[in-house]
Amino acid sequence: MTFQYQVLANQLAHRIYQDELKPHQKLISLRDFARQHSISLSTAKSCYELLEARGLIYVKPKSGYFVVARTQSSPIPDSPDFLSLPRQVSNLELHNQIQEAALQSHLVPLGSIQLTPHFIPVEGLRRSIQRALKNCQPQDFLYCNKQGHEQLRKALSDHWREDGIFIAAEDIFITNGCIPALLLVIQHLTDVGDSILIPTPTFNGQLQLLASLKRQIIEIPAHHRGIDLERLESLMQQGLAKVCLMTANYQNPLGYCLSNSEKQKIAELAAKYQCFIIEDDIFGECGYSNERPLPIRYWDREGYVIWCGSVSKSLSSAYRVGWFCLSAKLQHLRLELLASNIGVNTPLQLGLADFIYSRGYREHLEQLRPNLMRQVEQYRSCILRAFDGLPIALSQPEGGYALWIQLPKEVDTLALYYTAKAEGITVVPGHVFGEDERYRHFIRLNAGHELTADVRQAISDLAEWSRQQMKTVN
């Protein structure tokens, strides 16, 4: 259950993350805040105290409450505008090459978005798997239900209900991660050659998937506050695509979280123009707030939103358990989806179900969120120090652990990628986050790993190589 003071705190937190409330800006008094929202003084005080506990505001005796400066200020990366036309994803070979490099464990891990092992509750997961194996039934050693084990589907349904998200266990399909979930849904909603609406810059893995499936894309401009909703509606109205693939909560690489009103608007547009939304919510539980943001699916009344996710970003990238949730509109596809789904390891499913029911997962998330915020801020500070003197812009994510950096125009980040790879460092150049090389001066870094001396040195090396590129061009 979410209390009113928590809702108000989330709204203020969103304004802070969106830079609407500036560092060290004074907030209105508790009395005025209570009057403005027609709440009691104690509710207003609880709201401010929650924000203070999250490290977003601070109090000065006899002066009031002020916004915390999250780190030294920096410009926000630009959001290039472009025409939205159906087209192929042009660089599948580069996508595949970058993915392969990002998974090489001997390289400094600034590429693939993964959590540091220090944030993974290894002992808790081990105990849950041991309990699950001890208590499993004989039938659990046979082929598992292709929809997923009933225990895990019930556990997820109960877990989401605590956050105000109501999905019946019978509508949950367990998959081997989020990408397999997206793949299944895309294959059953579209045909080869069909166009899919997708905001860019976006997670390169989504573009890689669409390219491998031979689907075209129609890009929609995205920026640090969200996406161009007017462009989205216009394209839906034209009927150029019957599916839109998007992330509303802590999008990779920009880190934005859409407001509830924007999510509701998207759900309404989907129903109005009969355009299905495939919602990739893999970072939904990786916010810096105590409250999990609601997905677009929450406002879906007509069955046009298919909600997908995984624990690979919130728990462990090695824990390949994902899902998609079938809407009422697509129940006729149930048998086809079951036939196409690949069964997920049963002990893994039962171990995760135990971890959820034992409250281990909920406790893990409560610790993860503030730790993520602190670590991402440490990365931001390290990057700004290393690139001092260079005119860069750096994202300020509301959640997740991807950082999006805009480098000077003289710096080609694909060349930077090859230099870094040769020196034992993985990064992801902006070329694979959209078409037309419009992000060729951008780069995405993983802030999920511990900020070790090796990682700090790698960031310093990236800055130095950027300076060298600028000297060469000039």
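**Salt bridges and a helix face, term by term**

A search of the whole structure turns up 23 salt bridges. This is a predicted model, where local features need pLDDT of at least 70, side-chain atom pairs count only at pLDDT 80 or more, and totals for chains, interfaces and linings use all residues. Residues are numbered from 1 along each chain as its sequence is written, and side-chain values use heavy atoms, with hydrogens and water left out.

User: What makes Asp-436 and Arg-87 a salt bridge?

Analyst: The term asks for a side-chain nitrogen of Lys or Arg within 4 Å of a carboxyl oxygen of Asp or Glu. Here the closest N and O atoms are 2.6 Å apart, so the pair qualifies. Asp-436 and Arg-87 both sit in loops, so the pair ties together parts that are 349 residues apart in sequence.

User: Why is Arg-87 called partly exposed?

Analyst: Buried means under 20% relative accessible area and exposed over 50%, with partly exposed in between (1.4 Å probe, protein chains only). Arg-87 has 25%, so it lands in between.

User: And what about Lys-242, how does its accessibility count?

Analyst: Lys-242 is at 39%, so it is partly exposed too. Lys-242 pairs with Asp-194, the closest N and O atoms being 3.7 Å apart.

User: How do you know that the buried residues of H9 are on the same side?

Analyst: In H9 (residues 229–238), Leu-229, Arg-231, Leu-232, Leu-235 and Met-236 are buried. They cover an arc of only 160° around the axis, which puts them on the same side; the arc is taken from the directions from the helix axis to the C-beta atoms. Glu-230 and Gln-237, on the face turned away, are exposed.

Terms used: Helices (H or I, at least four residues) and strands (E, at least two) are DSSP runs, numbered from the N terminus.
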